[in-house]
Amino acid sequence: MFGLKTFTVYLACVVCVMVNSSHGSEIIGGKEVTPHSLRYMAFLEASCGGTLIHPQWVLTAAHCTGIEKVFLGVHSIKNMDKNSVQVRRVVKAFPHPWYDDNVKENDLMLFKLNKPVQRTKTVQWLSLQKAVADPADGTSCMAAGWGETNENAAKPKMSDVLMSVNVTVVNRKDCNNRYSYRPITKNMVCAGSKGKKKTDTCQGDSGGPLICNGVQVGVTSFGGKCGDPKKPGVYAFLSKMQLKWIENVMNRSDA
């Protein structure tokens, strides 16, 4: 358990990394969420987001490497309340065995925490479904994270507070053909701007959830220039096969 002094010193280091990050990754066209309304959101050491899917497990993206600590119950990074925030160490990381970094196929990873979190007014896990429907073209979904909010900033900085944005699903055929992306497979979902308003996520929001109709259907993976209507964001889809992999990892005797 972190003491007050230890927590304060570590938090100062996290904020320093956050402020000086040049990894241009952002929620575009979104808004600040009501504090602690998304209690399952996990903040991963100023580089990625994640979803608390079990008291001792966090789901994120496979390219979110080098994470040692996970913060739960965070709204403002600079003003973390030690009475609201729970900090856990990552004791083991489980990247998807078929993750391909070149094309971001199977961009999923599980973190096992050193001990279960406690359910509180600011922390609550989001249990995954046994099966998830493939979101239809035009479906409005929600993504969230602490990423940069201005893609044109000279020195991009992550948001201090948790932001969310509504993005619109684009069918895979259009995402492949019209937007000239790398191959968009059945294990991916495209979602981005609708009309003239720019709405998007990017790398710094990587690992965070894509929620459609109250159900997590994906994990933020990659994209083009943030907010570009011609380059919607791409999310790892939680297909039945991926959900089975998650279940198997969490039930492994060596996990």
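**View 1. Aromatic pairs in the predicted model.** A search of the whole structure finds 3 aromatic pairs. Two rings of Phe, Tyr or Trp (its six-membered ring) are paired if their centres lie within 6.5 Å; planes under 30 degrees apart count as stacked, over 60 as edge-to-face and the rest as tilted. Because this is a predicted model, local features need pLDDT of at least 70 and side-chain atom pairs count only at pLDDT 80 or more, while totals for chains, interfaces and linings use all residues. Residues are numbered from 1 along each chain as its sequence is written, and side-chain values use heavy atoms, with hydrogens and water left out.

**View 2. The pair F43 and W146.** The rings of F43 and W146 are edge-to-face, 5.2 Å centre to centre with 70° between the planes. F43 lies in strand 2 (residues 41-44) and W146 in the loop between strand 8 (140-145) and strand 9 (163-170), 103 residues apart. Strands (E, at least two residues) and helices (H or I, at least four) are DSSP runs numbered from the N terminus. F43 has a relative accessible area of 0% and W146 one of 2%; buried means under 20%, exposed over 50%, partly exposed in between (1.4 Å probe, protein chains only). Together with F71, F43 and W146 form one aromatic cluster.

**View 3. The pair W57 and F94.** W57 and F94 form a tilted pair, with 5.7 Å between centres and 45° between planes. The pair joins strand 4 (residues 57-60), which holds W57, to strand 6 (residues 86-95), which holds F94, across 37 residues. Both W57 and F94 are buried.

**View 4. R172 over the ring of F237.** The charged end of R172 sits over the F237 ring, 5.7 Å from its centre. The criterion is NZ of Lys or CZ of Arg within 6 Å of the ring centre and within 35 degrees of the ring normal.
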